[in-house]
Amino acid sequence: MKMKGETPYTIAWDAENNCIVYIDQTLLPGRYEVARCRTVDELAGAIRRLAIRGAPALGIAGAMGVALAAVRSGERDPVRFRRDLHRAAEILRSTRPTAVNLGWGIDRVLGAADAAGSVEAAKEAAVREAGAVAGEDEVTCRRIGAFGAELLPERCTVLTHCNAGALACRCWGTALGVVRSAVEAGKDVRVIACETRPLNQGSRLTCWELAQDGIDVTLITDSAAAYLMRKGVIDAVIVGADRITRDAVFNKIGTYMHAISARHHGIPFYVAAPVSTFDPARSEVDVVVEERDRGELARCGDRMLAPDGASVLNYAFDATPLDLVDAIVTDVGVLRPPYAESFRLIEGKR
Ligand code: MRU
């Protein structure tokens, strides 16, 4: 994605000012603005309002958030410094419960800081490790892209849901990384983007970043997907993931219905995600699915979309059982059923 302004990345570390610089995703596509977080509370707020979002970007945000807490700390006593760092980590961890990358990024930097011998060394280690988490994401997405591009025909139309693109990572993307890599390899790929109610990550973000890159993208309502499959317009579905347990893929609400529709119509359903998104020790029932405010469904600005008397159930994610998934494209290769066997490929690589 061709980023404008100060950063070529969705989220980056500003070493000069010891802060996090990010694209405020709540403003797109109307406004492109780069913002900064100077405190952990500011970062937690940016994550909660989805200014920074998408599982891999949340992993980077978690990692950089711990680094931010470290470099901004005035504490000289190692025990108190460590306690403050862990407190900051818990604030960040509590912002969004479903995407496993958030905790993964936090724990990587906490581990690096805890292993250091002094407060100063811990600060340096935290910034270094956060930089490593961010840098690896680009390599990871490129690998996912290369593996996934092989799965797509020379000429095809793929349906995607939510935004699993450059904006959800540091750059390139997972599901959209596959599209970008296929286009780079000379394939003629068109994308159908589901709008992704209620926060419209599909219409606002996926359409925006693909249009920036000149990749053919068409917006549909979420509820049009099955009909387009029936009409034979869709060759494959490809989505990202927030967490992959041993039995299910958690991703944006609506993903499950696309998987069911795809299976019904004989269309391959692919998931693209880094190894850091896997959580094979857990199963579907162990995962907390984020529920968000009623206002996201019941209002549009000043306009009421539902009466006050109606209850609202606003799940941010759903779980797609693995038996509906034809392949999971990771940075270490493509996993196919039976997943109990192919999950061995990711063992020890998280
Ligand atoms: O609520 P969001 O916008 O953070 O949800 C994001 C998704 O569901 C993405 O599909 C997922 O994180 C994968 S991003 C590569």
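Asp 279 is buried, its relative accessible area being 5% (buried means under 20%, exposed over 50% and partly exposed in between, with a 1.4 Å probe and protein chains only). The model is predicted, so local features need pLDDT of at least 70 and side-chain atom pairs count only at pLDDT 80 or more, while totals for chains, interfaces and linings use all residues. Residues are numbered from 1 along each chain as its sequence is written, and side-chain values use heavy atoms, with hydrogens and water left out.

Asp 279 lies in the loop that runs between strand 10 (269–272) and helix 10 (295–298); helices (H or I, at least four residues) and strands (E, at least two) are DSSP runs, numbered from the N terminus. Beyond its neighbours within four places in sequence, Asp 279 has contacts (heavy atoms within 4.5 Å) with Val 100, Arg 243, Ile 244, Thr 245 and Arg 246.

Ile 244 stands opposite Val 249 in strand 9. Strand 8 and strand 9 (residues 248–252) pair in the antiparallel sense over two bridges, where pairing requires that DSSP finds at least two bridges between two strands. The open sheet has three strands in the order 8-9-13, with antiparallel pairing. Strand 8 (243–244) and strand 13 (317–321) are at the edges with a single partner strand each, so one side of each has no neighbour in the sheet.

Elsewhere, helix 2 (residues 55–72) is largely enclosed by the rest of the structure, because 16 of its 18 residues are buried.
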